[in-house]
Amino acid sequence: MIRAYSELYLDDAMRNMGEMMDYAANACYLDQDEFFALFMAGGFDVLFGAGDPKVVSGMSGTELAVSVLEQAGLFIEYPKALQSYKLSAEYWCGWIMAYYQWHTGISFKEIMRAVSFRKVRKLYPVLHEASQEKFVDTLNLILKREQPDTKLRLMRKQRGFSQRELAERSGVNIRAIQQYEQRLRDINKASVMSVAAMASAIGCGIEELLEYSV
């Protein structure tokens with residue numbers, strides 16, 4: 001897999017997200033999921049996931065948290081930076097989630113649709129001393145279990161098409177569409193022509209129908 005950014009910056013990214021989540025939770029007393037929603041609403045998740053140098057390593061995690069809060073307009077005065085990081089469960093949650101996003105290439109928004117920081121926090125007693133790969137395997141199982149409807153099904157329903165209508169518009173066999181939507185067949189392994197035909201019929205990009213593999 002081609003990563004969004006070099007492994008040379010991964011340690012910085014993990015430290016920054018760990019410090020950011022620790023500061024938000026233990027200095028600002030914010031719920032981790034509520035804070036991370038602000039992080040995503042401000043577009044910081046896209047920049048971070050793409051390895052933007054400014055957010056990955058160009059500022060500290062505390063500075064990144066303050067940038068998120070400033071954009072949200074939550075504070076007039078910000079709490080002082082914590083004296084010690086790397087000790088809290090909240091730090092670990094941010095640290096390991098940065099690794100997971102980098103390792104899998106799944107966007108933070110896609111991850112958060114299936115798992116919350118509250119759920120990740122519950123894994124801390126069991127996994128904080130385990131390898132990063134063990135966490136990846138565990139979260140992959142959770143995402144696979146909690147994964148919502150396929151993108152094909154979601155996009156089709158948003159356009160108001162039945163499976164038969166999509167089949168007629170795209171020329172793709174209705175049984176194949178049903179199997180893609182039920183994950184009995186992997187749409188990522190479908191022919192480019194078939195995916196392009198369905199995307200054209202729905203009115204979306206090919207990438208909007210492809211599934212993230214976990």
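1. In this predicted model, helix α1 passes helix α2 in a right-handed crossing. The axes of α1 (residues 10–26) and α2 (residues 32–41) come within 9 Å and cross at roughly 120°. The two helices are therefore oblique to each other. On the α1 side, the contact is made by M17, M20, M21, A24 and A25, and on the α2 side by Q32, F35, F36 and F39. Classified by residue type, this contact of α1 with α2 comprises eight nonpolar residues and one polar residue, with no charged residues.

2. Helix α11 (residues 163–170) packs against helix α12 (residues 174–181) at an angle of about 120°, and their axes are 9 Å apart. That angle makes α11 oblique to α12. The crossing of α11 and α12 is right-handed. From α11 the contributing residues are Q163, R164, L166, A167 and S170, while α12 supplies I174, I177, Q178 and E181. In the contact of α11 with α12, four residues are nonpolar, three are polar and two are charged.

3. How many aromatic pairs are found in the whole structure? The search returns 11. One of these is formed by F39 and F108, an edge-to-face arrangement with 6.3 Å from centre to centre and 80° between the planes. This pair links distant parts of the chain, since F39 lies in α2 and F108 in helix α7 (residues 108–114), 69 residues apart. Both F39 and F108 are buried. F39 also belongs to the α2 side of the contact with α1.

4. A further pair is that of Y99 and W102. The ring centres of Y99 and W102 are 6.0 Å apart and the planes stand at 45°, so the pair is tilted. Y99 and W102 are three residues apart in helix α6 (residues 89–104), and are therefore separated by about one helical turn. Are these two residues buried or exposed? Y99 has 6% relative accessibility and counts as buried; W102, at 7%, counts as buried too.

5. F36, F39, F44, F48, F108 and F117 form one aromatic cluster. Two of its members, F36 and F39, take part in the contact of α2 with α1, and F39 and F108 form the edge-to-face pair described under point 3.

6. Leaving aside residues up to four places away in sequence, E90 touches G18, M21, D22, A25, N26, Q32 and R121. Among these partners, M21, A25 and Q32 are also part of the contact between α1 and α2.

7. Finally, the overall architecture. The secondary structure comes to 13 helices and zero strands. The C-alpha trace spans about 60 × 35 × 30 Å along its principal axes. Of the 214 residues, 47% count as buried. Among contacts with a separation of 6 or more, 71% are accounted for by residues 24 or more positions apart.

Technical notes: Residues are numbered from 1 along each chain as its sequence is written. This is a predicted model: local features need pLDDT of at least 70, side-chain atom pairs count only at pLDDT 80 or more; totals for chains, interfaces and linings use all residues. Side-chain values use heavy atoms; hydrogens and water are left out. Axes are lines fitted to C-alpha atoms, for helices over the stretch in contact, and angles run from 0 to 180 degrees between N-to-C directions. Helices (H or I, at least four residues) and strands (E, at least two) are DSSP runs, numbered from the N terminus. Angles under 35 degrees count as roughly parallel, over 145 as roughly antiparallel, 65 to 115 as roughly perpendicular and the rest as oblique. A crossing is left-handed if the near helix is turned anticlockwise from the far one by less than a right angle, and right-handed if clockwise. Contact means heavy atoms within 4.5 Å. Ala, Val, Leu, Ile, Met, Phe, Trp, Tyr, Cys and Pro count as nonpolar, Asp, Glu, Lys and Arg as charged, and the others, Gly among them, as polar. Rings of Phe, Tyr and Trp (its six-membered ring) pair if their centres lie within 6.5 Å; planes under 30 degrees apart count as stacked, over 60 as edge-to-face and the rest as tilted. Buried means under 20% relative accessible area, exposed over 50%, partly exposed in between (1.4 Å probe, protein chains only).
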